[in-house]
Amino acid sequence: MADLENVIYKLRRALDARINQLSISITSGGVDNMETYKYIIGQINALEATKQEISNLLNDKEQNEGTVVDINSKNSLTK
């Protein structure tokens, strides 16, 4: 399990580093046309979405380790 955590940690760091590089290229004047700007913004959005999905998967794992209550059961409190 420690190997998987290490891979996830390294992946998150790599995603953060790439997002930072792309952000710097935009803010430092490294973009010379709108097409390039849109492309870089698209890359940043995709990388951020990937980071969010990793977080969601990790949160689901943590949340699934507890007690599960079925709120749609026939023994509900409604009359």
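**Entry 1: the end of helix 1**

I began where helix 1 stops, and found that Gly29 follows helix 1 with a positive phi, near 85°. I keep in mind throughout that this is a predicted model. Turning back along helix 1, I looked up its length: its 26 residues should span 38 Å at 1.5 Å a residue, and the end C-alpha atoms are 37 Å apart, which agrees.

**Entry 2: what helix 1 buries**

I next asked which residues of helix 1 are buried. They are Leu15, Ile19 and Leu22. These names came up again when I looked for the largest nonpolar core, which is made up of seven residues: Leu15, Ile19, Leu22, Ile40, Ile44, Leu47 and Ile54. Helix 1 (2–27) and helix 2 (34–63) are the elements that give two or more residues to this core, and helix 2 supplies the largest share, four residues.

Leaving aside residues up to four places away in sequence, Leu22 touches Ile40, Gln43, Ile44 and Leu47. I also looked up the distance from Leu22 to Tyr37, and the two are 15 residues apart in sequence and 9.9 Å apart in space, C-alpha to C-alpha. For Leu15, with the neighbours up to four places away again not counted, the contacts are Leu47, Thr50, Lys51 and Ile54.

**Entry 3: Thr36**

Thr36 and Ile26 are ten residues apart in sequence, and their C-alpha atoms are 9.5 Å apart in space.

**Entry 4: the salt bridges**

How many salt bridges does a search of the whole structure find? The search finds two. In one of them Lys51 pairs with Asp16, the closest N and O atoms being 2.6 Å apart; Lys51 lies in helix 2 and Asp16 in helix 1, so this pair ties together parts that are 35 residues apart in sequence. Lys51 also forms a salt bridge with Glu48, where the closest N and O atoms are 3.9 Å apart. Both Lys51 and Glu48 lie in helix 2, three residues apart, which is about one turn of the helix. An α-helix has 3.6 residues a turn, so residues three or four places apart point the same way. I noted finally that Asp16, Glu48 and Lys51 are linked in a network of salt bridges, and that Lys51 is partly exposed at 23% relative accessible area, as are Asp16 at 37% and Glu48 at 36%.

Definitions and conventions
Residues numbered from 1 in each chain as written. Predicted model: local features only at pLDDT ≥ 70, side-chain atom pairs only at ≥ 80, totals over all residues. Heavy atoms only, no water. Core = buried A, V, L, I, M, F, W, Y, C linked by side-chain atoms within 4.5 Å. Buried < 20%, exposed > 50% of the residue type's maximum accessible area, 1.4 Å probe, protein only. Contact = heavy atoms within 4.5 Å. Expected span 1.5 Å × (residues − 1). Salt bridge = Lys/Arg side-chain N within 4 Å of Asp/Glu carboxyl O.
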